[in-house]
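Biologist: I'd like a close look at one part of this model, taken slowly and with the cut-offs spelled out. Start wherever you like and walk me through it.

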Amino acid sequence: MLRAAVALLIVILLGMAFHADGAFYKVGTHRDALRQASVYGILACGMTLVIVTGGIDLAVGSIVGFTAVCFSMMTIWWSWPWWISVPSALAIGAACGAVSGALVVWPRLQPFIATLAMMVFARGMAKTVSGGVKVSTALPTGDGTFRYVQVPELFRTIDSRILFGNLSMVTVVFLAIAAAAGVLLARHIWGRDLYAIGGNEEAARLSGLAVRRSKLLAYVACGLCAAVAGICQAAQEQQGDPEAGGGYELTAIAIVVIGGTNLMGGRGHMGLTLLGTITIGYLEKILSINAVPEAGRLMLTGVILVAAVLTQRRRRF
Amino acid sequence: MRRISKRFGATQVLRQVDLDVFAGEVHLLAGENGAGKSTLMKILAGTLTADAGVVEGSADVAVIYQELSLIPTMTVADNLFLGRMPATWGFVSMSEMARRSRELIDVDPYAHVGTLPIGARQRVEIAKAVSRNARVIVMDEPTSALTALEAAELFALIGALKSRGCGIVYITHKMEETEQIADRVTVLRDGQVVASCAAAELKRAELIRLMVGREVSEQFPLRQPVLGEERVRFPEFSVRAGEIVGLAGLRGAGASELLMSLFAAPRKAIAQGVAMLTSDRKTTGLVLSMSVTANCLMAGRRPVWRRPERERAEARGLADLLRLRAASLEMEARELSGGNQQKVALAKWIRTRPSLLLLDEPTRGIDVGAKQEIYQLMNEWSRQGMAILLISSELPELLALSDKVVVMRGGKVSAVLSKEESTPERVMEAAC
Ligand SMILES: Nc1ncnc2c1ncn2[C@@H]1O[C@H](COP(=O)(O)OP(=O)(O)OP(=O)(O)O)[C@@H](O)[C@H]1O
Ligand SMILES: [Mg+2]
């Protein structure tokens with residue numbers, strides 16, 4: 001916990017050093033840093049659950065794309081009300097997670113392989129369902145022209161801000177999910193079982209834990225988080241891009257790791273992921289307000305990832 | 001070693017410990033669970049560094065670790081020659097390695113270590129340390145997973161090593177071994193040396209008193225079993241409520257497998273009141289990365305929402321019952337001493353209040369004092385109507401505790417002996 005906080009502190013100090021003529025001190029900068037990090041953060045919450053079991057979920061980025069497309073179609077094309085479209089999109093994400101989880105649990109595929117397959121598959125689904133085009137408010141008419149419709153109210157609501165414009169809804173959603181997942185992981189018997197499974201699966205099985213069910217549920221929860229992220233992503237972009245979420249799985253994993261959760265499983269918690277999310281969010285923001293070009297930004301992110309993980313290494317006796 | 005001190009966090013594990021090991025002697029290092037024996041040996045071998053003090057003399061030390069240090073995914077031969085494989089131009093000669101492996105040990109050199117039973121793994125570990133031709137060899141409870149026969153082989157080997165001028169530090173909780181092989185004895189208590197002298201000068205009772213700090217009788221408690229209804233039935237024998245049935249036999253005779261067959265579906269078995277302490281606490285007993293509390297409360301009924309206060313109280317009760325020595329119940333199971341890990345593995349199952357308790361080597365690595373307490377507890381539980389099936393490679397323990405001894409050979413039951421019939425001779429006869 002302390003070390004994750006140190007990483008965040010360093011990033012904030014970095015921001016103060018390179019404040020880009022005071023841009024770092026504006027409220028808007030912080031709000032936007034959090035807003036942009038929130039989608040990643042939501043993914044990282046689900047990812048934490050899976051990583052605690054000693055697994056990994058590479059499919060979340062594709063599930064973001066798939067659910068974003070589906071959610072946009074339901075909302076823009078078919079004008080479904082939110083109380084049908086939101087649960088449907090969530091169910092799609094959960095189903096994807098359930099398939100990954102089932103592959104991990106029954107044929108005992110390695111999580112890396114099972115979710116790699118799901119990653120490719122879900123991306124293909126997104127392209128199939130959308131016909132390979134972005135699902136946006138520009139509806140193609142038959143004769144090659146477009147007809148424009150209004151941005152759905154639901155998208156505006158999800159992408160709105162509360163507290164006099166100081167806090168994005170997406171950030172609120174992220175914090176709520178982090179809190180819920182954190183409580184489940186720390187206090188619910190399921191969370192405790194996830195740690196046991198990640199620590200020593202055989203001992204957990206022999207202690208009579210429902211190893212398969214708990215693991216499966218972790219992947220379902222991860223898919224669910226990806227669906228929430230997909231809904232948010234669609235609302236922010238006001239469209240369902242079948243390519244949306246590409247590479248997000250790596251950012252989500254990076255967040256979990258920067259927080260200090262062990263990739264081998266059995267250790268870590270949601271508070272760390274929260275700190276990791278904020279760290280990554282600020283990092284991106286600082287680089288962007290200083291107008292660091294994309295190429296340099298990627299390189300710097302890589303360096304900082306390694307540095308953060310090195311500072312967090314547990315001291316071994 | 002001179003004035004060695006070591007602390008982990010807030011706990012001082014070793015205080016100004018002196019230890020001399022001479023060529024050609026077996027130096028017994030005795031002490032309770034958690035006294036600091038393994039820690040001292042890790043400092044001697046250089047895998048841990050002391051906070052204060054010096055290690056003088058040769059750094060040429062090989063260690064047979066208590067918590068085995070083999071690589072489970074590699075073969076026996078790979079493990080034996082790790083870091084010094086016979087090679088030409090960097091290419092490993094597999095056949096040469098296999099040949100030399102066969103000279104050292106009669107285990108298939110191409111078998112993966114992870115697939116071997118714990119006794120065979122222990123022998124690989126011994127062969128690995130011995131084959132390094134080190135001047136000093138540390139043996140941290142080498143016989144805890146060996147049968148009497150294999151232990152005798154080890155003692156012969158120790159004799160040969162001694163005459164070669166090798167110094168040996170030997171750690172054990174099996175009291176009969178102490179007289180058999182020790183030349184000198186050093187006793188540790190709470191990380192301090194309380195005695196160091198020639199083995200002949202120290203009587204067994206005195207040694208135990210020095211280790212534990214109080215009188216402990218080595219007598220087994222008397223049993224007056226009150227048998228109830230039948231709890232499990234096999235074709236050849238049955239186990240009844242209030243009865244302790246001992247399973248004897250050489251390794252590979254199928255005793256462990258027999259227990260496992262009663263626990264093939266753990267969830268169902270636990271729901272029916274069966275509990276099983278497995279033989280290998282590290283790989284199948286504990287989640288080493290979790291706290292002592294979490295491990296104690298892992299099995300059986302648990303509330304859906306955790307209540308840390310109540311959990312702590314419950315774990316504290318179990319820890320007191322088994323006299324667990326831990327700096328805190330929040331520390332990771334990994335950080336406990338070997339014997340204390342065993343107690344946690346046992347505590348987990350006691351909590352489920354089973355009606356049938358399966359124990360595979362319950363006192364493995366447990367010190368004399370705590371062994372007595374576990375015997376008392378087993379007696380107490382069986383008085384309350386628990387049925388117990390027990391495997392122990394220590395024959396005296398097995399015979400004294402059991403109301404009936406079932407001897408196995410080649411996967412089958414070869415004899416069922418009543419209390420009166422079960423003498424060491426008859427058991428060995430039926431087993432071989
Ligand atoms: N990595 C660690 N972190 C914290 N405490 C530790 C660590 N390793 C050992 N200890 C503590 O040091 C003490 C001594 O442990 P050690 O393993 O040396 O005992 P031991 O004498 O070998 O006992 P046993 O007979 O049970 O094997 C124990 O109380 C243990 O909890
Ligand atoms: Mg030890």
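Modeller: Arg267(A) sits in the loop between helix H11 (248-259) and helix H12 (270-289) of chain A; helices here are DSSP runs of H or I with at least four residues, strands are E runs of at least two, and both are numbered from the N terminus. Before going on: this is a predicted model, where local features need pLDDT of at least 70 and side-chain atom pairs count only at pLDDT 80 or more, while totals for chains, interfaces and linings use all residues. Residues are numbered from 1 along each chain as its sequence is written, chains are lettered from A and ligands numbered from 1 in the order in which they are written, and side-chain values use heavy atoms, leaving out hydrogens and water.

Arg267(A) counts as buried because its relative accessibility is 17% (buried means under 20% relative accessible area, exposed over 50%, partly exposed in between, with a 1.4 Å probe and protein chains only). Its side chain makes a polar contact with the side chain of Glu332(B), at 2.6 Å. A polar contact is a pair of N or O atoms within 3.5 Å; within protein, one must be able to donate a hydrogen and the other to accept it, and residues adjacent in sequence count only if both atoms are side-chain atoms.

Now over to ligand 1. It has 19 residues around it, and the closest are Ser38(B), Thr39(B), His173(B), Ser337(B) and Gly339(B); to be near, a residue needs a heavy atom within 4 Å. A polar side-chain atom of Ser337(B) is 2.7 Å from an oxygen of ligand 1. A ligand oxygen is also 2.9 Å from a side-chain N or O atom of Asn33(B), and one is 2.9 Å from a polar backbone atom of Gly36(B). The protein covers 88% of the 650 Å² of accessible area that ligand 1 has on its own (Shrake-Rupley method, 1.4 Å probe; for residues, only the protein chains shown count as cover).

As for who builds the shell, helix H1 (37-45) and helix H13 (338-350) of chain B each supply at least two residues. H1(B) has the largest share, three residues. By type, the shell splits into five nonpolar, ten polar and four charged residues. Here Ala, Val, Leu, Ile, Met, Phe, Trp, Tyr, Cys and Pro are nonpolar, Asp, Glu, Lys and Arg charged, and the others, Gly among them, polar.
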